[in-house]
Amino acid sequence: MKRIFYTLIALFAITSLSSCGYNSMVQLDEQVQSQWAQVENVYQRRADLIPNLVASVKGAANFEQETLTQVIEARAKASSVQVDPTKLTPESIQKFQEAQGQLSQSLGRLLVTVERYPELKANQNFLELQSQLEGTENRITVERQKFNTVTQDYNSKIRTFPNNLTAGLFGFQKKGYFQAEAGSNKPPKVEF
């Protein structure tokens, strides 16, 4: 009789856990981790394009070596920052975003410097790489937005009642978001 009673209690506990959102929290957590992997994927695509871009720019006579060095160093730094998808804290995402932001700034300086080299701007390989890089930057924006959306769904789920009780019991933690970089609300200063 006791065995039947304990079996019923266990069955009730399992059923109540699923109705308290545990399974959907797991699914949302997996979506966040999957979307983070996609964010890293598009950043990796950009990192993979950079050596080809740098090699094609190096072929231009008298090109500023310092600019190329900055791009190479920023790429190395951005590639070295790894974030554990199970620990997507605001701090870890900020560190990742800072490294990627430095790379973006270096690439921007490279592309502005290229404007002074008409023979490079006419090079078909360079134009194709530049086009791929622009497309990748757009993909990065889209994937970051998708990441923030699935993160919002997850965070909302674990913070609402009664799901917050289940989330606390099983250690589900709030995930961080991508945020705009400091100063991005001001238009860039353009000088000719």
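Author: Aspartate 29 is found in helix H2, where helices are DSSP runs of H or I with at least four residues, numbered from the N terminus. With a relative accessibility of 14%, aspartate 29 counts as buried, a term that means under 20% relative accessible area, against over 50% for exposed and in between for partly exposed (1.4 Å probe, protein chains only). Apart from neighbours within four places in sequence, aspartate 29 is in contact with Tyr154, Phe172 and Lys175, contact meaning heavy atoms within 4.5 Å. This is a predicted model, in which local features need pLDDT of at least 70 and side-chain atom pairs count only at pLDDT 80 or more, while totals for chains, interfaces and linings use all residues. Residues are numbered from 1 along each chain as its sequence is written, and side-chain values use heavy atoms, with hydrogens and water left out.

Helix H2 spans residues 22–58 and includes tyrosine 22, which is partly exposed at a relative accessible area of 27%. Between tyrosine 22 and isoleucine 158 there are 9.1 Å in space, C-alpha to C-alpha, although the two are 136 residues apart in sequence.

In H7 (residues 163–170), the residues Asn163, Thr166 and Ala167 are buried. They lie on the same side of H7 because they cover an arc of only 100° around the axis, the arc being that of the directions from the helix axis to the C-beta atoms. Leu165, Gly168 and Leu169, on the other side of H7, are exposed. After H7 comes glycine 171, with a positive phi near 80°.

Note on methods. Helices (H or I, at least four residues) and strands (E, at least two) are DSSP runs, numbered from the N terminus.
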